[in-house]
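Please read it alongside the sequence and the coordinates shown here.

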Amino acid sequence: MAKIKGNIVIDTEKCKGCELCIASCPSKVIDAAKELNEKGYHYAYPAKHEQCTGCANCAIVCPDGVITVYKAKI
Amino acid sequence: MEETCNMQEIVKPENLVYKKSSLLLDKTFTYCPGCGHGTVTRILAELIEELGLQKQTVGVSPVGCSVLLYAFMDIDFQQAAHGRAPAVATGIKRLLPDRFVFTYQGDGDLAAIGTSETIHACNRGENILIIYINNGIYGMTGGQMAPTTIPGMKSSTSPRGRNVQTMGYPLKITDIAATLPGTYYVTRQSVHTPAAVRKTKKAMRRAMEYQSLNRGLCFIEIVSNCPSGWKMTPVESIKWMEENMLPYYPLGDLKTPAGENTNQ
Amino acid sequence: MERELKLMKGNEAMAEAAIRAGVDGYFGYPITPQSEIMEYLMKTDSFSRSGMVTLQAESEIAAINMVYGGAGCGKKVMTSSSSPGISLKQEGISYMAGAELPCLIVNVARGGPGLGTIQPAQADYFQSVKGGGHGDYHLMVLAPASVQEMADFVELGFDLAFKYRNPVLVLSDGAIGQMMEKVYLNPQKPRSPETEPWATVGKGSRAKSNIITSVDLDPDSQERFNLKLVEKYDLIKQHEVRFEEYLCTDADYLFVAYGTSARICKKSVQIARSIGIKAGLLRPITLFPFPSAKINELAGRVKGILSVEMSAGQMVEDVALAVNGQKPVKHFGRMGGIVATPEEVVEKLKIFFTEQN
C-alpha cells in the first residue's frame with residue numbers, strides 16, 4: 001500500500017544548534033548531534049529518518065534556513 | 001538497510017517540499033542561534049521570490065541586529081541611520097512609486113529613536129511595508145532595556161526588572177499605528193511555531209499585495225525572542241515569550257481593510 | 001539658450017532654478033529665513049510643472065533621510081534649512097558622505113549658537129567645511145554671493161555632487177536668501193530618466209544587487225574606504241577650486257570674504273582705493289575646496305590680509321593656514337545678525353595695517 005514518506009536534509013555546517021526544529025517536529029525525527037560542527041554548535045541531524053512525514057514544520061521554524069524537505073508516495 | 005535506501009531515494013528534486021529561497025545568498029545569518037529574526041528574514045525572501053518582486057524591490061535595513069540584512073538577500077537595499085528607515089523608505093517610494101519598498105526594523109530602532117519617523121510615515125499613509133520585530137530588548141548592543149521591555153523584565157539597564165514607576169511603560173506602538181488614518185493594514189504576529197510562521201507569511205503576503213494596489217502603509221509587528229539578550233536557550237525563550245510577551249502583546253490583526261476580516 | 005530675466009528673492013530663485021534644472025525631489029521642514037524655498041515649490045506646484053516631488057517632512061532629521069532614500073535611487077534630490085536645522089541634519093549628512101550619495105543641501109544661515117537669531121550670519125563655516133557630523137568626511141561647499149548664484153548653484157551643485165558621488169552644501173545666509181535682485185533663469189530642462197549604475201532602483205536585470213550603506217565592521221576594509229574618500233577629496237581640491245578676484249593685481253592689502261561679506265568688501269575695496277589704499281578682494285566661491293594656493297600666492301604680493309566674516313573668526317583659520325606666516329592675517333567680523341558696513345571694514349583695515357606704519 002502506498003504511503004507518504006518524508007525526508008529532510010540538514011546543512012549541518014550552517015546549523016547553529018538552536019533545537020527549535022527538534023521542538024517543532026511532531027514525529028521526533030531530529031536530534032542534536034553529540035559532535036560539534038565547525039562553528040562549535042551541536043548541530044541538528046535527522047536521527048530517525050524513517051519517521052519523517054515531510055510536514056516541513058522543522059524547516060518552517062528554522063531561523064537559518066538550513067533544512068530542505070522532501071516528500072514522496074512510496 | 002532497505003528502509004535507508006528508500007529514504008535516500010526520496011531526496012529528489014521532484015519530491016521537494018521546502019527549501020530556502022534562492023534570494024538568500026549563500027551566507028550564514030549573523031543572528032544568534034534560535035533568533036526569530038532569521039525566520040522573518042527567511043520568509044520575507046520567500047515572499048519576494050514567490051511574488052516575483054525581486055527586480056523591483058528596494059529594502060531598507062535598520063541599525064540593530066538586522067543592520068546587515070542587505071548582505072543576506074539578493075535585492076537592492078539601503079541601510080538607514082538608527083530609526084530613520086521609514087523616512088528613507090519615504091524618499092525611495094516617493095521617487096520610485098512603482099517599486100516594492102519595505103523597512104525592516106527592531107523595537108529600539110522603530111519604537112524609541114525612530115518613533116517620530118514611524119508615526120509620521122504611518123500618518124502620511126506612505127505606500128510602504130514596515131516589518132517590525134519586537135523582542136523587548138536591545139539585542140545588538142548587548143541586552144539593554146527597550147521601549148517594549150515588559151514590566152518586571154530584566155535587562156542590562158533594568159537589572160532588577162523594569163520598574164514602570166521610574167522607567168515608564170512599554171510602548172505599544174502598533175496599537176498607535178492602528179489608530180492613524182494613513183495605515184491600511186496593521187497586524188501583530190509571531191514566528192515561534194510552524195503555525196505562527198505560516199500566519200505571519202500570509203499576513204506579509206497580504207501586505208505586499210496591498211502595496212501593489214497603492215492602498216497605503218501596512219504595518220506588521222512580529223513578537224519575537226532574543227535568547228542571547230534574555231539569557232535563555234532558544235527553546236526556553238520561546239516558552240518565556242508565550243507566557244510573558246504574548247499576554248502583553250496579543251497576536252492578531254489590529255486594523256483590517258473595511259469589509260475584510262483577516263483574523264482566522 | 002534664452003535665459004529669462006526676473007526679479008526674485010534668493011530663496012525663490014533657488015526654488016525656481018531647482019524646478020527648471022530638472023531636480024527630482026525636495027524634502028524640507030520650515031525654518032526662518034529659508035521657508036520661501038518650500039513655499040515656492042508648493043505654490044508653483046513643482047510636481048505639475050516637472051514631476052518634481054516636494055514633501056514637507058516632520059523634522060529636519062526626517063527630511064535629510066528622505067533625501068538619503070531618494071539620492072540612493074540615483075535621483076537629484078535636495079533639502080534646505082537654516083543653521084539649527086542643519087545641525088539636526090548632520091547625522092544624515094554624515095551617513096550620506098559615508099554612503100557616497102550625491103545631493104544638494106542648502107543652508108540659509110542665521111546667527112547662533114542655539115536658537116540664536118533669524119538674522120544672517122556666517123557662523124556655520126566650521127560646520128560646513130570641516131565635516132559637521134561625525135567621521136572623516138568633507139562636503140563640497142559653494143558660497144553664493146548673489147541671487148543669481150543662488151539659482152546657478154543648483155545645477156553646479158548637482159553636477160559636482162554626481163561627478164564625485166558626494167553631498168554638496170550651498171552655504172548661503174539670510175541676507176542672500178531674503179534679498180531681491182534680478183536673476184537670469186535657464187529654460188526648463190526635463191528630469192532625467194537615466195539612472196546611476198550604483199543606484200538602488202530594484203535589481204532589474206543586473207547581475208548583482210546594489211547596496212547603499214555606510215557600515216563596514218572590518219577595520220581593514222573601513223580604512224581602505226576612508227583612504228578612498230581622502231583620494232576623492234584630494235581630487236576635488238585639485239580640480240574644483242573656484243574663486244573670484246577683484247582688483248588683486250596691484251593690491252597692497254587683501255580682503256578675503258565670501259557670500260554677503262564679499263559684497264560688503266567689494267564696496268570697501270572701492271572706498272579704500274578712493275582714499276589711496278590699494279585694496280583687493282579674494283572671494284572664495286568654493287569653501288571646500290578652499291582656494292588656499294591662490295591666497296598663498298597673493299600673500300606673497302600684499303602687505304597684509306584681512307579676513308572678513310559675519311562670525312567670531314572661522315574662515316580666518318584657513319586663510320592663516322594658506323598664508324602660512326608670510327604676512328600678517330587679521331580677522332574682522334560682526335555677529336548676532338549684524339552685517340558690517342563697508343566703511344567699518346575700511347576702518348578696521350586702517351587700524352590693523354595702515355595706521356601703525
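Chain C exposes about 13,700 Å², of which carbon and sulfur atoms supply 54%. The model is predicted, and every value below is computed from it.

**Overall build of chain C**
- Chain C holds 13 helices and 15 strands, and its radius of gyration of 21 Å is close to the 21 Å that the globule rule gives for 357 residues, so the chain is as compact as a globular protein of that length.
- The C-alpha trace of chain C spans about 70 × 50 × 40 Å along its principal axes, and 60% of the 357 residues count as buried.
- Among contacts in chain C between residues at least 6 apart in sequence, 79% join residues at least 24 apart.

**A five-stranded sheet**
- Five strands of chain C form an open sheet with mixed pairing, in the order 10-12-11-14-15.
- Strand 10 (243-246) and strand 15 (329-332) of chain C stand at the edges with a single partner strand each, so one side of each is left without a neighbour in the sheet.
- Neighbouring strands of this sheet are turned by 20° against each other on average, direction ignored.
- Strand 14 (residues 304-308) of chain C pairs with strand 15 of chain C in the parallel sense over four bridges, and C:V308 stands opposite C:F332 in strand 15 of chain C.

**Helices on the sheet**
- Helix 12 (residues 315-323) of chain C lies across strands 11, 12, 14 and 15 of chain C, running at about 165° to strand 15 of chain C.
- Helix 13 (residues 342-354) of chain C packs on the sheet, touching strands 11, 12, 14 and 15 of chain C, and its direction makes about 145° with that of strand 14 of chain C.

**Chain contacts**
- Of the two pairs of chains in contact, chains B and C share the most contacts, whereas chain A and chain C do not touch, their nearest C-alpha atoms being 20 Å apart.

Notes
Residues numbered from 1 in each chain as written. Chains lettered and ligands numbered in written order. Predicted model: local features only at pLDDT ≥ 70, side-chain atom pairs only at ≥ 80, totals over all residues. Heavy atoms only, no water. Contact = heavy atoms within 4.5 Å. Pairing = 2+ DSSP bridges. Helix = DSSP H or I, 4+ residues; strand = E, 2+ residues; numbered from the N terminus. Axes fitted to C-alpha atoms, helices over the stretch in contact; angles between N-to-C directions. Rg over C-alpha atoms; globule rule 2.2 N^0.38 Å. Buried < 20%, exposed > 50% of the residue type's maximum accessible area, 1.4 Å probe, protein only. Areas by Shrake-Rupley, 256 points an atom, 1.4 Å probe, with all protein chains shown as cover.
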